[in-house]
Amino acid sequence: MRTLVGGIALAAMAGAACGTGDPYARVEIIARNYAFTVPETLPPGLTAFRLINQGTVTHEVQLFRFATGISPDSARRILASGNIPDDAAEMQGGILVGAAGDTVRQRILDDLRSGTVYGLNCEFQDSAGAPQHSRLGMFAVFRVQ
């Protein structure tokens, strides 16, 4: 199985404050044991993503763009399979990690393009030998419209 952690170029803005008047939209990614809550669609444009971990264990969010032509349904099937082929995802995006109950201060900033599909994934495990969180259903997809 391919893990995106090693190949993603990090684009996190350390400690950025997403206050009113900022030149970008703000999206909160809510992590719970073992799911993400994120809008199904987002508008194009510069967007800052923040991770809020409402779970009882540490979670990460790997945020990445799927290759052109992959539909949201296909993206969900790929993520559910636990095997992301090299040609299915672009090698750029970002990763945020949050301890249980933590709101992460860092942000991932991306210029969302209309028609693209993004994936969110958590590859953490609760202990050695335990399944990765993504195998427990901790993945999500959104489309930019």
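The model is predicted. Its largest nonpolar core has 21 residues. Three aromatic pairs occur in the structure.

**Nonpolar cores**
- Within the largest core, the residues with the most contacts are Ile-29, Phe-36, Phe-49, Leu-51, Leu-120 and Phe-142.
- Strand 2 (25–32), strand 5, strand 6 (59–66), strand 8 (107–112), strand 9 (117–121) and strand 10 (139–144) each give two or more residues to this core.
- Another core, of 12 residues, lies apart from it; Ala-67, Ile-84, Val-117 and Val-141 are among its members.
- Beyond its neighbours within four places in sequence, Phe-36 is in contact with residues including Ile-29, Leu-51, Val-61, Leu-120, Cys-122, Met-138 and Phe-139.

**Aromatic pairs**
- Tyr-118 and Phe-142 form a stacked pair, with 5.0 Å centre to centre and 5 degrees between the planes.
- This pair links distant parts of the chain: Tyr-118 is in strand 9 and Phe-142 in strand 10, 24 residues apart.
- Both Tyr-118 and Phe-142 are buried.
- Ring pairs join Phe-49, Tyr-118 and Phe-142 into a cluster.

**Asn-53**
- Asn-53 lies in strand 5, which spans residues 45–53.
- Asn-53 counts as buried because its relative accessibility is 1%, and the cut-off is under 20%.
- A polar atom of the Asn-53 side chain lies 2.9 Å from the backbone oxygen of Val-57.
- Leaving aside neighbours within four places in sequence, Asn-53 is in contact with Ala-31, Thr-58, His-59, Gly-98, Ala-99, Ala-100, Gly-101 and Asp-102.

Methods
Residues are numbered from 1 along each chain as its sequence is written. This is a predicted model: local features need pLDDT of at least 70, side-chain atom pairs count only at pLDDT 80 or more; totals for chains, interfaces and linings use all residues. Side-chain values use heavy atoms; hydrogens and water are left out. Helices (H or I, at least four residues) and strands (E, at least two) are DSSP runs, numbered from the N terminus. Buried means under 20% relative accessible area, exposed over 50%, partly exposed in between (1.4 Å probe, protein chains only). A polar contact is a pair of N or O atoms within 3.5 Å; within protein, one must be able to donate a hydrogen and the other to accept it, and residues adjacent in sequence count only if both atoms are side-chain atoms. Contact means heavy atoms within 4.5 Å. A nonpolar core is a set of buried Ala, Val, Leu, Ile, Met, Phe, Trp, Tyr and Cys residues joined through side-chain atoms within 4.5 Å. Rings of Phe, Tyr and Trp (its six-membered ring) pair if their centres lie within 6.5 Å; planes under 30 degrees apart count as stacked, over 60 as edge-to-face and the rest as tilted.
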